[in-house]
Amino acid sequence: MALIKYATAIRDAIAEEMRRDPKLFFMGEDIAKFGGVFGCSLNLPEEFPGRVLSTPISEAAFVGAGMGAAITGTHALVELQYVDFILCAMDQLINQTAKTHYMSDGAVQVPYTIRVQQGCGRGNGAQHAQCFESLFAGIPGLKVACPATPADAKGLLKTALRDNNPVVFCEHKMLYAVRGEVPDGADVTVPFGVAAVRREGTDVTLIATAYMVQRALDAAEMLAAEGISAEVIDPRTLVPMDWGTLCQSVIKTGRCVIAQEAQPFCSFGGEIAFELQQRVFRYLDAPIERVSPAQVPMPYARKLETLNVPTPERIAAAARKTLWR
């Protein structure tokens, strides 16, 4: 085991997979010259000359180029500085990358991973702090990963880079400096579609992804001080989703709170709530609660941003509501 940062875990995963697969190449804005905006490509250009490429500031161009490279025999990894910029390349992502395998009747594979950085915490404002995992999860043909820990950042990214399908890999900018234990070994991967039970409990299930996992764990600590036992489930991937683990937890606790940083309307939290009430309705002792930002653009002012994003206190309050406390 090694105690490393989330950003370092991502860099290590890329390096190990580029050593393993000579067809894998990496491109994005400033990744060769500056190590990327969050330092996830430091020292990679020196080790892999010609395979780590800084691109022009044109997401439409390099997202499309990555897809074209993927379908012609290479394995492409693309980094976007902020998830917000993917909107410049939605035709390339949705109409081309996500649909090519299906429209070719399975004849064409698209081994393509797109890393995006998203989320709150830096006062970046409405155009640099959004969360689009719900949007990606709603597009047939895309897999979606949302790692919450350094170990999952490395293991899930290695899985993505070995997949023959397009994967949108959603990293949270507030997690890059977080340290955690990461298993040693170049072949240690984390499978898609397997949720992690971050904390066991018996009274209420808290479901969260990425940065919200830590806030759910903090809420569970607050609830424990009141004698409430909260179980924290991290799906890790939204597509595929591990419905079995989620259902087992809700069957055990009878109550559920979903914490998300994505907008509430048409969100993955709403989809989880719908699926759970379809699958385990008879076991629910209270309506499912969801904690999310308001349906507004993310404020620039740090105090307003803090008020808008779900906090441990808000998650704990929603859990108490399911217990009628």
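**Exercise 1. Is Ala 196 buried or exposed, and what surrounds it?**

Start with the area: Ala 196 has a relative accessible area of 10%. Buried means under 20%, so Ala 196 counts as buried. Keep in mind that we're working on a predicted model here.

Then look for its contacts, skipping residues up to four places away in sequence: Ala 196 touches Val 232, Ile 233, Asp 234 and Arg 236.

For a bit of scale, pick Val 52. Ala 196 and Val 52 are 144 residues apart in sequence, and their C-alpha atoms are 32 Å apart in space.

**Exercise 2. Check the span of helix α1, then work out how many of its residues are buried.**

Helix α1 runs over residues 6–20, which gives 15 residues. The expected span is 1.5 Å times one less than the number of residues, so α1 should span 21 Å. Its end C-alpha atoms are 21 Å apart, and that agrees.

Now the burial: eleven of the 15 residues in α1 are buried, so this helix is mostly covered. Among the buried ones are Tyr 6, Ile 10, Ile 14 and Met 18, and the charged Arg 11, Glu 16 and Glu 17 are on the list too.

**Exercise 3. How does α1 pack against helix α7, and which residues meet?**

Take the geometry to begin with. α1 and α7 (residues 150–161) pack at about 30°, with their axes 8 Å apart. Angles under 35 degrees count as roughly parallel, so α1 is roughly parallel to α7. The crossing of α1 past α7 is right-handed.

On to the residues. From α1 come Tyr 6, Ala 9, Ile 10, Asp 12, Ala 13, Ile 14, Glu 16, Glu 17 and Arg 20; from α7 come Pro 150, Ala 153, Lys 154, Leu 157, Lys 158 and Leu 161. Sort this contact by class and you get nine nonpolar, no polar and six charged residues.

Why does the spacing look like that? An α-helix has 3.6 residues a turn, so residues three or four places apart point the same way.

**Exercise 4. At what angle do α9 and α10 pack, and which residues meet?**

Helix α9 (residues 243–253) and helix α10 (residues 268–280) pack at about 65°, with axes 10 Å apart. The range from 65 to 115 degrees counts as roughly perpendicular, so α9 and α10 are roughly perpendicular to each other. α9 passes α10 in a right-handed crossing.

In the contact, Trp 243, Leu 246, Cys 247, Val 250 and Ile 251 of α9 meet Glu 271, Ile 272, Glu 275, Leu 276, Arg 279 and Val 280 of α10. By class, that's eight nonpolar, no polar and three charged residues.

Technical notes. Residues numbered from 1 in each chain as written. Predicted model: local features only at pLDDT ≥ 70, side-chain atom pairs only at ≥ 80, totals over all residues. Heavy atoms only, no water. Axes fitted to C-alpha atoms, helices over the stretch in contact; angles between N-to-C directions. Helix = DSSP H or I, 4+ residues; strand = E, 2+ residues; numbered from the N terminus. Parallel < 35°, antiparallel > 145°, perpendicular 65-115°, else oblique. Left-handed = near helix turned anticlockwise from the far one by under 90°. Contact = heavy atoms within 4.5 Å. Buried < 20%, exposed > 50% of the residue type's maximum accessible area, 1.4 Å probe, protein only.
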